[in-house]
Amino acid sequence: MLPNKGHDMLKTDYVFQATEEARELQRLQMLERIFDAGTQRRMLATGLTTGWHCLEVGAGAGSIVRWLEQRVGPSGKVVALDTNPRFLRGSSTSTIDILQGDICDTDLPLAMFDLVHARYVMIHIADYQKAFERMLRCVKPGGWVVIEEPDFEAARAVTAADDARASFARVSAAIERMFTSLGMDHALGAKLPAIFQRQDLSHLRVEHEGHLSPGGGAIAQLMKLSAEQLREKYVATGLVTEADIEQYCRLADDPDSWAIYYATVAVTGWWQPQCGGSTQG
Ligand SMILES: C[S@@+](CC[C@H](N)C(=O)[O-])C[C@H]1O[C@@H](n2cnc3c(N)ncnc32)[C@H](O)[C@@H]1O
């Protein structure tokens, strides 16, 4: 793992930072099983091929990093950045560099990467605009950016008993409050296309997936795991009780209860800076 001078402190406002390591790994690997196929399809659509240099921001448990290594081959490079690369230990190879640091203040090579990707990372950053600009600085002219972020505003229980729907709504309100009290935007995903437009990215491809899932489904179980791990933070908002969280978890196990747990917005854009553009240099 490459040391990142001056940024050894772990970022503390990542909401899952303090969660127990084995459970967090389980949650991240569940997330990878659900979302990697879509992410890989989006990346391949950019023309990803051997010899490319790729930056994976907030690499988590690392499945996309390892998959990218196979795509770019020995002539390519994959740089994985994470504030806490605890699950990437041992993943360094001659192709993969692991960096510990915050995207907002880590010195990364400028205009170096053919592809920059982040999934479920900007949602955890209060100054997401700065994070995005820092990512753009790393993209080669003619390179691609793929960002995938949740929109928790989309959440609603669809078929469930009235009391379960009410608890679901209160847990959703607590999720919103937890993010906004940290200065983060719980609905960031929906704003991504406008963020890309403002930076003059072109060839935009916008995909919006509402995760309508029955209890017992993969997304329901993922959100149940998050609720169990973040239980204290949800309750600390003052908007939910322990009983609401229990009810939310029961709904997430009940195959007859359908809910939209959140939506994911994925945006792909092509970066060709204008001379004198504001984000490069
Ligand atoms: C929800 S996880 C997503 C992991 C992975 N991208 C995935 O989708 O499977 C968010 C990851 O981003 C990292 N992270 C959070 N804030 C970050 C920041 N400011 N800079 C770099 N990494 C960050 C966390 O440590 C965590 O590994």
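How many residues surround the ligand, and which are the closest? In this predicted model, the ligand has 20 residues around it, and the closest are Gly 58, Gly 60, Ile 103, Arg 119 and Tyr 120.

**Around the ligand**
- Helix 1 (21-45) and strand 2 (77-82) are the elements that give two or more residues to the shell around the ligand.
- Helix 1 gives the most, with 3 residues.
- Sorted by class, the shell holds 10 nonpolar, 5 polar and 5 charged residues.

**The nonpolar core**
- The largest nonpolar core has 76 residues, and those touching the most other members are Ala 80, Leu 115, Val 116, Met 122, Met 135, Val 145 and Val 171.
- Strand 8 supplies the largest share of this core, with 8 residues.
- Leaving aside residues up to four places away in sequence, Met 135 touches Val 57, Ile 103, Val 116, Ala 118 and Val 145.
- As background, nonpolar side chains tend to be buried together in soluble globular proteins.

**Helix 6**
- Do the ends of helix 6 fit its length, or what span should its residues give? At 1.5 Å a residue, its 12 residues should span 16 Å, and the end C-alpha atoms are 17 Å apart, which agrees.
- Buried in helix 6 are Ile 219, Ala 220, Leu 222, Met 223, Lys 224, Ser 226 and Ala 227.
- The cover over these buried residues includes helix 1, helix 4, strand 7 (202-214), helix 7, helix 8 and strand 8.

**Helix 8**
- Helix 8 (residues 242-251) has Asp 244, Ile 245, Gln 247, Tyr 248, Cys 249 and Leu 251 buried.
- Among the elements covering them are strand 6 (156-159), helix 4 (162-181), helix 6 (218-229), helix 7 (231-236) and strand 8 (258-271).
- Helix 8 is in turn part of what covers the buried residues of helix 6.

**Thr 46, a loop residue**
- Thr 46 sits in the loop between helix 1 and strand 1 (53-57).
- Thr 46 counts as buried because 20 other C-beta atoms lie within 10 Å, and the cut-off for burial is 20 or more.
- Not counting residues up to four places away in sequence, Thr 46 touches Leu 115, Trp 144, Val 146 and Thr 268.
- Thr 46 and Gly 143 are 97 residues apart in sequence, with their C-alpha atoms 8.7 Å apart in space.

Conventions:
Residues numbered from 1 in each chain as written. Predicted model: local features only at pLDDT ≥ 70, side-chain atom pairs only at ≥ 80, totals over all residues. Buried ≥ 20, exposed ≤ 12 C-beta atoms within 10 Å, placed from the backbone. Helix = DSSP H or I, 4+ residues; strand = E, 2+ residues; numbered from the N terminus. Contact = placed C-beta atoms within 7 Å. Core = buried A, V, L, I, M, F, W, Y, C linked by C-beta atoms within 7 Å. Near = placed C-beta within 6 Å. Nonpolar A, V, L, I, M, F, W, Y, C, P; charged D, E, K, R; others polar. Expected span 1.5 Å × (residues − 1).
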